[in-house]
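Work through these exercises with the model open beside you. Try each task before you read its solution.

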Amino acid sequence: MTTSSTGTDEVDPAVREELARLRDSIDNIDAAVVHMLAERFKATQQVGHLKAAHRLPPADPDREGRQIARLRSLAEDAKLDPGFAEKFLNFIIAEVIRHHERIADDTGNGALGGLSAPR
């Protein structure tokens, strides 16, 4: 399976078929990632409400550190760049903390007497 060497944009139909198959697989994986993230955020919203109800800080640096180390290890085992996995988790953690801060503000509790915990 090779592309045409005529200098045109014509592509071997077998290549197009394989490309379509791979892209369909990528689309399915993307859908699964979105659904998994939605489930994760449903759980973290519950954590945010529990923290707000008990006036706990939105951030938990100790847990976040453990989660990052755990995810880096999982990434290595999966042959995924651990640096990328850490960046991805840091992005998610920042969003979760933002949600927790909003929940605390919305409930009128505010973590630590209205002050957010330092990140």
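Buried means under 20% relative accessible area. Keep that cut-off in mind, and note that this model is predicted.

**Exercise 1. Compare the span of helix α1 with the span expected at 1.5 Å a residue.**

Step 1. Find the helix: α1 covers residues 13-53, which is 41 residues.
Step 2. Go from its first C-alpha to its last: the reach is 60 Å.
Step 3. Compare: this is close to the 60 Å expected.

**Exercise 2. Describe what lies at each end of α1.**

Step 1. Start at the N-terminal end, which Asp-12 caps. A side-chain oxygen of Asp-12 lies 2.8 Å from the backbone nitrogen of Ala-14.

**Exercise 3. Which residues of α1 are buried, and what covers them?**

Step 1. Apply the cut-off: the buried residues are Phe-41, Thr-44, Gly-48, Lys-51 and Ala-52.
Step 2. Recall the geometry: an α-helix has 3.6 residues a turn, so residues three or four places apart point the same way.
Step 3. Look for the cover: it includes α3 (82-106).

**Exercise 4. Describe the largest pocket and its lining.**

Step 1. Take the volume: about 710 Å³.
Step 2. Find the centre: of the 25 lining residues, the closest to it are Arg-40, Thr-44, Gln-67, Leu-89 and Ile-92.
Step 3. Assign the helices: α1, α2 (61-77) and α3 each supply at least two lining residues. α3 gives the most, with nine.
Step 4. Sort by class: the lining has 16 nonpolar, three polar and six charged residues.

Methods:
Residues are numbered from 1 along each chain as its sequence is written. This is a predicted model: local features need pLDDT of at least 70, side-chain atom pairs count only at pLDDT 80 or more; totals for chains, interfaces and linings use all residues. Side-chain values use heavy atoms; hydrogens and water are left out. Helices (H or I, at least four residues) and strands (E, at least two) are DSSP runs, numbered from the N terminus. The expected span of a helix is 1.5 Å times one less than its number of residues. Buried means under 20% relative accessible area, exposed over 50%, partly exposed in between (1.4 Å probe, protein chains only). Contact means heavy atoms within 4.5 Å. A polar contact is a pair of N or O atoms within 3.5 Å; within protein, one must be able to donate a hydrogen and the other to accept it, and residues adjacent in sequence count only if both atoms are side-chain atoms. On a 1 Å grid over the protein atoms alone, a cavity is a set of points where a 1.4 Å probe fits but cannot get out, and a pocket is an open set with protein on both sides within 12 Å along at least five of seven lines; lining residues have an atom within 4 Å of a point. Grid points are joined across faces, edges and corners, and a volume is the space filled by probe spheres set on the points. Ala, Val, Leu, Ile, Met, Phe, Trp, Tyr, Cys and Pro count as nonpolar, Asp, Glu, Lys and Arg as charged, and the others, Gly among them, as polar.
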